[in-house]
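Colleague: Could you take a close look at the charged side chains in this model for me? I would like to hear about the surface and about the pairs inside.

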Amino acid sequence: MKDFILKRMAAIILPFICVYGFYVILHGHVSPGGSFAGGIIVGLSLIAYSTIYGIAKGRAKLPEKVLVWTESYGTLWYGLMGMVGIVKGVPFLANKLAGVNLGNPGTLSSGGLISLIGFGVGIRVASTMVTLFFTMMEE
Amino acid sequence: MKELFGKLIMNYPYFAAAILFMIGALTVLTRSDLLKKLIGINIMESAIFLIFVAGGNIRGGVAPLLSKANSGAVYVNPLPSALMLTGIVVSVSVTAFALALIVRLHRAYGTIDLQRIAELRSEVAMDDSNHHT
Amino acid sequence: MRIRSFLLLLLALPVIYGVLIAVAELPPYGMPDNPVHNQVSERYISDALDDTGVLNMVTAIVLDYRAYDTMFETIVLFTATLAVVITLKTRKGEGER
Amino acid sequence: MLSLILALSCGMAGGLIVAVIPQTRSRLRNLVVLIFTTAGMIFTWRVALRVFAGENVAIAGRIGELPWSINPDPLGAVFGLIAATLWLFAAVYSFGYMAEKHEQRTYYAFLLISFSVTLGVAFSGNLLVLYLFYELLTFVTYPLVIHERSSEAVKAGAKYILYNLGGASVILVAIIITYGRAGSLDFAGGPILANSLQNGLDWLLLLFIIGFGVKAAIMPLHRWLPAAMAAPTPVSALLHAVAVVYAGVYGVLRVVYSVFGHELVGRLGFGTILPFVAACTIIVGVIIAAKQDVLKRRLAYQTISHLSYILLGAFTLQPWGLAGAMLHMISYSTLKTTLFFCAGIIAEQSGATKISKMGGVGWLLPKTMAVFSIAAIGMIGILPLNTFWGKYYLMKGSVAAGMWPLALVLIVSGIINAICFIPVVVNAFRGERTRINGERGSRVTLMLAPAILLVIVALLMGLFPGFVWPGVQAVVNWFF
Amino acid sequence: MLLVMLPVIPLAGALCVLFKRGRGINIPLLISSVVLILGICGLSSVFGGTPIDHGIPLPGPYAPAFHADSLSVIFVLLAAFLWVIVSIYTPEYMKHEGGSRRFEFYALLILSAVLGIFLAGNLITLLFFFELMTITSFFWVTHRWNQEAIKAGYYYLFFNIIGGLLLGFGIVLLDAATGVLPDIGTGLVTPVNATAFGWSIMLFVVGFGIKAGMVPLHLWLPHAHSAAPAPGSALLSGLLIKVGAYGLIRAGEFAGWGRELGSGVAWLGPALAIIGVITMLVGVAAALLQGDAKRLLAYHSVSQMGYIILGLGIGLYLGSDGSLGLVGAIYHLVNHALFKTALFLGVGVIYIHTKETNLYKLGGLWRRFPVTAFLMLLAVLGITGVPGLNGYASKTLLHHAVSLAAETGTIWSVWAERLFLVVGVGTAASFAKLYYLIFLRKPAKIGNAPNTSSRLEAAPKAAMSVKLRAGMSAARPLVAMSVLAAAMVGIGLVPGLFPSAIASPAVQALGMENAAASLVGLSFWNAGDLTGIFITLILGILICWAGLRSGIFHWHPPKWLTLEGLGMLVGRAVSVLLRMGEKFYRTVIKAVRNVLKNSGARTYLACRKFDQSRSGEIFGLKLVGVSIDAGILFILLALLIAGHVMLNPGFR
Amino acid sequence: MTATIIPDLPVFVVIAPLFVAFVLPTFARRMRLVEALVILVGILGFLGALYLASLVFAQKGSPLIYSLGGWQAPWGIELKAGNLGALFLLVVTGVSLPVSLFAKGNLAQEVGGKERSARFYVLYLLLGGALAGMAVTNDLFNVFVLVEVVTLSCCGLVSARNHPRAAEAAFKYLIMATLGSTLVMGGIGFIYMITGHLNMEFAARELASIWQHSPHVVWMALSFILVGFGVKAAVFPLHVWLPDAHSTAPSPASAILSGLAVKGYLICLLKFLYNVFGSALMQEFAVDRILVLAGAVAIIAGSILALSQDELKRRLAYSTVAQVGYIVLGLGLLNRQGLAGTLFYLASHAVIKSTLFLAAGAIIAATGKKKVSELSGIGRKMPLTMAAFTIGSLGLIGLPLFSGFVGKWYLLLGSIETGKPLPTVVVIAGSILCATYLLPVIRRAYFEPAPDTTNADWQDPQDPGFSQKLALILLAAIVVLLGVVPGPLLELAKRAAAELLLLQ
């Protein structure tokens, strides 16, 4: 991948794609889309980066350890959010019942734990995508 | 019979899903390329997604997203969509894993054609016993 | 060959017939009085905002009402990742066993 | 209670001890075997005597909701006594026979373990325990059957396992049906099914008989027995002429008298057919036996025939018939074991296993052949030997049951038995006298002594049947 | 106590023989003498009418019991007497035959068994000794241990084992018929179940009949008696077959001597009588055709047992009037024992020196064996029933009984009387033949004899050259025979003594109250009987002459005509049947096995094929591995759906 | 702390292994810690399951209901720890603990490398958690998701062995299982479309009244689910993936796959059939007869196939096919005894098959011999391993005093109660066939002389290490224990059966 134009274009576009992905993740609860879609967009932006600039560079940006950690603790994050309910003495994965402030509907901070969970899931999906890509490409 | 066709036409998404399902099934059955098999399975899953999602639909309903534009409108059932979101992710996971296995098989046999693999394997089977230590 | 495909067709016919009957028997497409539009979906539509504080009902369901499913969904992803890794990541020198 | 537990555990404990004695320490092993067999026998006698005295010796419990109980009644005590006593003889015989043979450790370990299991069958107090030990018996005797490790033995073992497992499975079904019908499986307290509805009981009886009939070698189900003769001779003598097959017979007796009760069986359609099935086995078995050339096979088929004597007695549903069955059970076991012992000596000392090759063996092994011929006469069932008494009461029972043709069957069978064995004896003394004496050495002595002793016991029992009469009477009184 | 001791003493003797070293005292002679003396001293009191009983109280189902009444004492004394005689004779004979210790051992065992039988107090004890006798006497029969002897031994053993088994069954039936097994000597039995009782008596008749050589159960007898060594034959013929007769008398006792027979057993008298006549006839006819001295004698044993059975039958048939028959039977039994023993011993003497018993190879021996010839003559005359010898007396009694029966007018009894005479003629003829061929005719022309072989040809020559040995030992056989002859003559001269003094008390004890009375008016020396006997003798000699001339004595009846042949035919038929059965069985087993194997193999193959099929075709495309598996899945799904649609078209 | 945990126990049992699984990859190289955590969570899970079972046992009748997120039944997902759930939880935790103990021994050697074995453990824990989830879930779609987790982790476990064969087997497994789960999803879709509910109880309530209006849809749903779970649980003609997968997987994986994964699917099938459709509907649609037939065919064919295999693990794998037949047959008996027997049999088979696979794994690891015909004399060399194998075999054959017997007893009671001869005959024939394919192994191991030890090909094998021995001993002990004291577990099974059949 030594195409100069491609690299330059990517350098311009990819950050925006990435940011868009984060936007979709973060606004999953107020607009169409959601953490999965957003996470995949983020992941794709990273995959595109690696494709264009070479795997090694991509790897350098995202070392395996980071990926493993994101994945593991991203998944654990979900569980931990679920535990909030238990800590509060209500069932697992409780949101409203757990007494979390649901906030003002339509705003970014609304939905209590939902947005937090969604963020974690999004990150996780993104890292999964990248991991899958790297794993398959490295063979 | 006429009644049947009438109902079928009325339920055209389901009908389409059934056809999609069969296409997927035939693909799985008749293609010896592993990737194509995988695609066949995805088609089949899509058929099921279609049934689900179509089942939740209401003619003239709007997407289940609360907004001022939609006030007073009939929302379609959000549950199937939510379920299918999960289903799609599952499908993606399976596909990913299957792809990985295909890669692995390609590495081992140099082909992803099932028929070739079978032929290769029958050759391998001859000296299989001393393969393991 | 011909005969076999003919036989297959013969086998396929009742199946197709059966599938068609079943499909025809499904609740009519897009009708608001279908069984799926019962108190369950009604509550999702009407109370989601109160219950979860989000506008996107699908997200409400995915991440709150049925968050447990979604947790397992992420686990599926997690599993798939691990499976892929375990399938493909082999150190050199560790011979195939 | 303590005796009971000790009797049951002696074999098991001995077997385990033998299993850890090194392969080369054969003297020590023999000593252990002797001690535990003797101890087992003594405890069995103690149990049996207390049972005959009318005491209740029982242990019971539950597995889940299924009850189990070990509760010897006179029938079980008689069977236990037969087994325990003969075990000692067979063990001593084995010391001679197995000397210089391979895999002695396995052999003795399983011999002792199967001792326990056989006693378990005998002392079982309900169908479940009976089934348990019955099934176990198949497994623990399997190593003995394949002891030779030849392909023939392995095949025989497979046959053995298949037939016996099949039988046991059928029994299991029958037991379950019984349980479903009666809700109880205990032998104590009268026949289990006495108050059950009569419909379908015919088939239940048939199931039971088929199941136990496999071990008792009723005719179409007998084919494992001749095959199992691939085992070493003491095993054939003890297990396939006595312990294992008696387990089957014992099971049938249990079914007829403890599960159904003689009155109920008498009312069933199959109940009246069964004696004739047994009669067919008696005749056909002995006819086939007469055609065999290999001595052990001849003995095996003859075993098949004689087991049906016992069954016949049981199926007459008469006190006398039962008494005959018990007497035959006791007396036949002594003589058949002797015959097998002799066959073993002949095979070991002269190498002849086929009857046609036994010309002149009598000159080589005069004492053996003398013992053999006395036992052979016993097989016919005439007087100086104890088998007469069994036959006599069997005839009495069948006449009392109004089935005199069965008595004729016994007579015909006696004649064919004579045809089976007398030529063997006569042939053995054909040909030139040899100067060699094949009965020298401690090994032969160890083999010959049990045979001679058993024959003496048989003769004494023939002269004074009062020996065993209390036991027989106790059994009869228990069921009638 | 004596009753127990009598059988036990010979057993002890047998043990002595077993451990005897070298040639010492003649233990059998000693033992049998002791038995005889003890018997005479201790048991003669029973003739007074009070039987002796001795039971051994054992727990359990079986307590041995002993019983001696006058009948059994007759037999016991007879047995002991004969044993003494034969024991005198044996050592000399056995010197030539070999195996003397063996013979003596079994002789004592048999003596014990025989005494036991006669003294048995219940049927089980009787059976016990009966079987013991069967087994032990087998060793007599097979003493020579050659092909022929073993064959004879088989015949003997199998027939007698069957007899024993049938007796056992008879006992069982008797038990069933009466409820409590009656002891011996208790007399008439009143059965609860008449049918069973009848069958049990029938079985007794068959069982003892086999022992007694009753036609058609006699087949073993000629073989066995001719194969045994001479002293053995003598006792087998002289005494052991009498055990059968004894048993029949005891069976008759249960049925009821001197009474109208009960419903179950009314057939017994006529049946026995008819069988007796047939036995007489068959025996004598067969004897006439024999070329071997011992076989001839053996067949005569059959024939003479026929007399005895006839007497018993008539005794039973006539009820209270039948005492003549019974007395005659017992009388004849004793007499037959005497002369048949003498005859066998005589033939034995000849055999010792010539090694030959074929009549046609002997001849003119009276010169070499004058004493033997004389003693044999006495015995021959005795058996043919010449007045002045014992045979005449008993036959006369029997003849009277038969005539008495004939007066009832039933066809069988009339024919019995006629045939009685015919048999007498036949007896005379056959013994004329025997005596003529052995002693009187010119020394044998070799080559005249039928069935000659080179070995046998040489034998007589060598035998002739044997010199009569001098010394005491050689004289012992003659002493033995002389004693017998003396007894015969004695009885012949005082024919009335035995019936009135000994037989009639015995018979009375059995239930024939008027036995003594019926003998009162009887005269043995009446003209009718005497002329009859002479006519018989003359006819017999004529027939003998005619037979020897015409060679009819060499006639061998076709196989199917003889009983033995018939038996063989039946045996062959049975064996063919068995073989067919076996074939059928094998076929069935094979078929079952094949079906199982095939179906098992099919299933197995189908399963394996299903499992291993990794390629197939659909729509022209080759399917491999996963495709096939998926195909199965879809086909199954399709089948489920299609099946449902088919089965429930209008479900709702 | 306990006060808060107890009401949440049903969910804790599920998520505890999952949580551990999430964090394991981050310290994949520290094997000791990984193993310790796995075993710890195994013990905790087992204790939790025990406690839960005791709670359920004490409560008699009313199950523990747990509404996730506080959303009541028709809206949210509901966990229901009833008798059935408690039973299966016990089985899952009880079997997976010894298996993980066993895995500790030579897993790295078997899968090749520490990291790989850490990942193996992750998959293992995920599988365990998902199976536990299956035990308690009461929601249709949740079942689907769990099934997917199980499927993926199973395939992952199979492909953990680094061998093209394993990849191939995993691929086949994956394709077949995905087809199956697609069908299952379709079936769930049909049910959802005609009932509008995803909660099992609500769906069942709706279905009871609505099925007559759309019987064909119900039938479609039924057949989709039957075939879908059929292929996952390897019911006979659909078993084709199983022998490859189970015989090529690393031994602990084989054990857990044969012992538990298949059972999880069967439990799901059971829940669908009894909790959603209900026994009345099953009878109406002749599902019971189909099940009995399928079970019968599976028993016979599976046994025959097992008989024909020479490779030990393949033989055991086919034996699983046959044993699944028993359970499927039992599901079709539709009576209390039969169902209780089936459930108990399921439990006992889980234990027994794990024992057998582990023993086989130990033998293969020690000797490198995979074939039955090569195992002569191994009983003398590895006494404990073979003893465990023997106990397992006898249990599988159904000898009294071993757990298999109790299951078979009730299964037979049930089949006799149906009054039809087929199930009885087949169950009996199956156990005889079982003897014919397992006993030769034992005979060879004990009663045939070992080949010459000087032969370089045959390194003197020994019993495995302590933890593996402990695992084998534990499992064998459970086999015997369940045979001798089946009491509580049997009682649970009986109550579960009554509950499923709506009896009191």
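**A close look at the charges**

Modeller: Happy to! Let's start with one lysine: in this predicted model, Lys159(D) is partly exposed, with a relative accessible area of 31%. That value matters here because a residue needs over 30% relative accessible area, and no salt bridge, to be part of a patch. Lys159(D) lies in helix H6 of chain D, and it belongs to a positive surface patch along with Lys155(D), Arg297(D), Lys590(E), Arg593(E) and Lys597(E). Two helices, H6 (151-182) of chain D and H21 (563-612) of chain E, each supply at least two residues of this patch. The biggest share comes from H21(E), which gives three residues.

Now for the paired charges. Over all chains, the structure holds 26 salt bridges. One of them links Asp139(F) with Arg66(C), where the closest N and O atoms are 2.4 Å apart. Asp139(F) sits in the loop between helix H5 (114-136) and helix H6 (140-158) of chain F, while Arg66(C) sits in the loop between helix H3 (57-65) and helix H4 (67-88) of chain C, so this pair joins two chains. Asp139(F) is buried, at 0% relative accessible area, and Arg66(C) is buried too, at 3%.

Another salt bridge stays inside chain D: Arg254(D) pairs with Asp73(D), and their closest N and O atoms are 2.4 Å apart. Arg254(D) belongs to helix H9 (residues 233-260) and Asp73(D) to the loop between strand E2 (66-70) and helix H3 (74-98), so the pair ties together parts that are 181 residues apart in sequence. Arg254(D) is buried, with a relative accessible area of 0%, and Asp73(D) also counts as buried, at 4%.

For a local pair, turn to chain F. Arg119(F) forms a salt bridge with Glu115(F), the closest N and O atoms being 3.1 Å apart. These two residues both lie in helix H5 of chain F, four residues apart, or about one turn of the helix. Both Arg119(F) and Glu115(F) are buried.

Salt bridges can also link up into a network, as they do for Lys96(A), Arg43(C), Asp47(C) and Asp51(C).

The structure holds zero disulfides over all chains. Take Cys155(F): the closest cysteine sulfur, in Cys154(F), is 6.7 Å from its own sulfur, too far for a bond. Cys155(F) counts as buried, at 0% relative accessibility, whereas Cys16(E) is partly exposed, with a relative accessible area of 44%.

Key
Residues are numbered from 1 along each chain as its sequence is written. Chains are lettered from A and ligands numbered from 1 in the order in which they are written. This is a predicted model: local features need pLDDT of at least 70, side-chain atom pairs count only at pLDDT 80 or more; totals for chains, interfaces and linings use all residues. Side-chain values use heavy atoms; hydrogens and water are left out. Patches are made of residues with over 30% relative accessible area and no salt bridge: like charges are joined within 9 Å, nonpolar side chains (Val, Leu, Ile, Met, Phe, Trp, Tyr) within 5 Å. Accessible areas come from the Shrake-Rupley method with a 1.4 Å probe; for residues, only the protein chains shown count as cover. A salt bridge is a side-chain nitrogen of Lys or Arg within 4 Å of a carboxyl oxygen of Asp or Glu. Lys and Arg count as positive and Asp and Glu as negative; His and the chain ends are not counted. The place of a charge is taken as NZ of Lys, CZ of Arg, CG of Asp or CD of Glu. Buried means under 20% relative accessible area, exposed over 50%, partly exposed in between (1.4 Å probe, protein chains only). A disulfide is a pair of cysteine sulfur atoms within 2.5 Å.
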